[in-house]
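Let's take a walk through this structure together. Have the sequence and the 3D view ready, and follow along from one spot to the next.

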Amino acid sequence: MSAVTVKVGDDMLRRDSDYERGRTSVLFVDMQRIWCEPNLDPTHPQDADSYYHKRLRQTVIPNQVRILEAARAAGCEVLHTIIESLTLDGRDRSLDHKLSDMHVPKGSPEGQVIPELAPIDNEIVLPKTSSGVFNSTNIDYILRNLNTRYLIIAGVITDQCVDMAVRDAADRGYLVTVVNDACATYSPERHEGALRAYSGYCWTTDTDTVVSRIQGLRQA
């Protein structure tokens, strides 16, 4: 929890400041079939009993569903980012994705958001071909147009694409919340290490706290 308070305009802000109605958005990072269903990812094959998939199934996805339902009910903006090329052959991918042999062709079924979190009409889906959503999409432009100050982030992978979203959002002036039990990576050590590494860029908390705060916006 941040002990530092700064004045921005007429507001006194901390990293854990209360969310504001009309200024709070939720970003789900890469919650796609290819990364969330066992053995669809050719670069990181993981069976259903692996730590990663058990955490997704037992903890992360149920918690994200709670966050999503609360956000929709409170009228928060919901955005989904997915790794997906703009072309079928992936020629528009970043050099890193080409070297990593990472390619999700445009429109491929494996690239779709998992059914539990499927976007509804009017929710924004941003395809990217980099680890950082701020690097290969116009998300910053969109969030500013949506009047977003508070950005709640959940998704995969904690120490890769989530990490990039957190740091880049903080650098651009958003107050970032990371939901620690709504993110996953390939081991507990990597997960906890990532949260420690970027703790200075965000407020890290749990699903219960985030859901309670979002629900409070309905009465704001």
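Valine 4 sits in the segment before β1 (6-8). In this predicted model, valine 4 counts as exposed, since its relative accessibility is 56%.

Now for the cysteines. You'll find zero disulfides here. Cysteine 36 is in none, and the nearest cysteine sulfur, in cysteine 183, is 11 Å away. Cysteine 36 is also buried, at a relative accessible area of 9%. What about cysteine 76? Its closest cysteine sulfur is again in cysteine 183, but 17 Å off, so that's too far for a bond. Cysteine 76 counts as buried as well, with 12% relative accessibility.

On to the charged residues. Side chains of opposite charge can pair when their charged atoms come close, and this structure holds eleven salt bridges. One of them joins arginine 14 to aspartate 16, with the closest N and O atoms 2.8 Å apart. Here aspartate 16 is buried at 1%, while arginine 14 is partly exposed at 30%.

Another salt bridge pairs lysine 128 with aspartate 30, at 3.1 Å between the closest N and O atoms. Lysine 128 belongs to strand β5 (residues 124-128) and aspartate 30 to the loop between β3 (24-29) and α1 (33-36), so this pair ties together parts 98 residues apart in sequence. Lysine 128 is buried, at 1%, and so is aspartate 30, at 2%.

Finally, look at arginine 72 and glutamate 123, whose side chains meet in a salt bridge of 2.7 Å, N to O. Arginine 72 lies in helix α2 (residues 51-74) and glutamate 123 in the loop between α3 (95-99) and β5, so parts 51 residues apart in sequence are tied together.

Notes
Residues are numbered from 1 along each chain as its sequence is written. This is a predicted model: local features need pLDDT of at least 70, side-chain atom pairs count only at pLDDT 80 or more; totals for chains, interfaces and linings use all residues. Side-chain values use heavy atoms; hydrogens and water are left out. Helices (H or I, at least four residues) and strands (E, at least two) are DSSP runs, numbered from the N terminus. Buried means under 20% relative accessible area, exposed over 50%, partly exposed in between (1.4 Å probe, protein chains only). A disulfide is a pair of cysteine sulfur atoms within 2.5 Å. A salt bridge is a side-chain nitrogen of Lys or Arg within 4 Å of a carboxyl oxygen of Asp or Glu.
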